[in-house]
Amino acid sequence: MSDKFHTELNRLKQDTTEMVQFARDMLSESLNALFNQDTAQALQVYAKKKQIREVTIALEDRSYQLIALYQPMAKDMRLIACTLKMITAAERIGRYGKDIADMVKDLQDQPDFTQRLPMPHMADLVLGMIDDATVAYKTENLDPIKNFTSRDDTVDALWLSILREMLTFMMENPKTITRSAYYIMVARYLERSGDHTCKMAENIHYMITGEWIEIE
């Protein structure tokens, strides 16, 4: 395979890594805006929706062009296939960030909870998984994603815990219904982001080893 192909492939991989980080930051910043009721930060995140869509299209086009022009095989083809999956998952995570940011304005005048919620902990776990999947993809090292099954189980358990807690709040105090309903959606978005990150990890494992695994 030509030097030009591998130069372009490495550049695609680097740009995809940056896109995943961009999407991760959209999610993180939207959560900060939500927890701190920072409408200015929420607007900044929401404004990035066009950018992440444009990057998605550009990276997908470059991936398909590499396949069409060079007809890669074996490890090179697996890298491009993994890259396409990474792009798709990252865009969805970024869109969850956009959707969370869009909630902030609606919650400005809603009563807040006096109890400490596990949502920030859930967010930290999911963001950590995205970080580790990014490192594994960039370095082609499986170590950062080896314990994803147990980490995803923890995220799933927190999702169910938050769901039950929000339903309890709504029954006990109708004034919390709006915030509780929104927080249920946020917890669901985090749970789905964790699932997308697990799919990233499955594809990274295949990219590196040529063997499929299922993280469940």
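How many residues of the lining of the largest pocket are nonpolar, how many polar and how many charged? I opened the notebook with that. The model is predicted, and I kept that in mind throughout.

**Entry 1. The largest pocket**

I looked up the lining first. It divides into seven nonpolar, three polar and three charged residues. The space in this pocket is about 210 Å³. Of the 13 lining residues, Phe35, Asp112, Gln115, Leu117 and Tyr183 are the closest to the centre. I then asked which helices contribute. Helices α1, α5 and α7 each supply at least two residues of the lining.

**Entry 2. Ser30**

I went to helix α1, residues 3-36, and picked Ser30. Is Ser30 buried or exposed? Its relative accessibility is 0%, so I noted Ser30 as buried. Next I checked its surroundings. Setting aside neighbours within four places in sequence, I found Ser30 in contact with Val45, Gly97, Ile100 and Ala101.

**Entry 3. Arg62**

I moved to helix α3, residues 49-70, where Arg62 sits. With a relative accessible area of 27%, Arg62 is partly exposed. Which residues does Arg62 touch, apart from neighbours within four places in sequence? I listed Arg11, Leu12 and Asp15. I also took a C-alpha distance to Glu8. Arg62 and Glu8 are 54 residues apart along the chain, yet their C-alpha atoms are separated by 8.9 Å.

**Entry 4. Helix α6**

I checked the length of α6, residues 148-172. Its 25 residues, at 1.5 Å a residue, should span 36 Å. The end C-alpha atoms are 36 Å apart, so the span agrees.

Then I looked up burial. The buried residues of α6 are Phe148, Arg151, Asp152, Val155, Leu158, Trp159, Ile162, Met166, Phe169 and Met170. Why look for a spacing in such a list? An α-helix has 3.6 residues a turn, so residues three or four places apart point the same way. I asked what covers these buried residues. The cover includes α5 (119-139) and α7 (177-209).

**Entry 5. Leu167**

I stayed in helix α6 for Leu167. At 40% relative accessibility, Leu167 counts as partly exposed. How far apart in space are Leu167 and Tyr183? I read 10 Å, C-alpha to C-alpha, for a pair 16 residues apart in sequence. Tyr183 was already in my notes, as one of the residues closest to the centre of the largest pocket.

Definitions and conventions: Residues numbered from 1 in each chain as written. Predicted model: local features only at pLDDT ≥ 70, side-chain atom pairs only at ≥ 80, totals over all residues. Heavy atoms only, no water. Helix = DSSP H or I, 4+ residues; strand = E, 2+ residues; numbered from the N terminus. Buried < 20%, exposed > 50% of the residue type's maximum accessible area, 1.4 Å probe, protein only. Contact = heavy atoms within 4.5 Å. Expected span 1.5 Å × (residues − 1). 1 Å grid on protein atoms, 1.4 Å probe; cavity = no way out; pocket = protein on both sides within 12 Å on 5 of 7 lines; lining within 4 Å. Points joined across faces, edges and corners; volume = space filled by probe spheres on them. Nonpolar A, V, L, I, M, F, W, Y, C, P; charged D, E, K, R; others polar.
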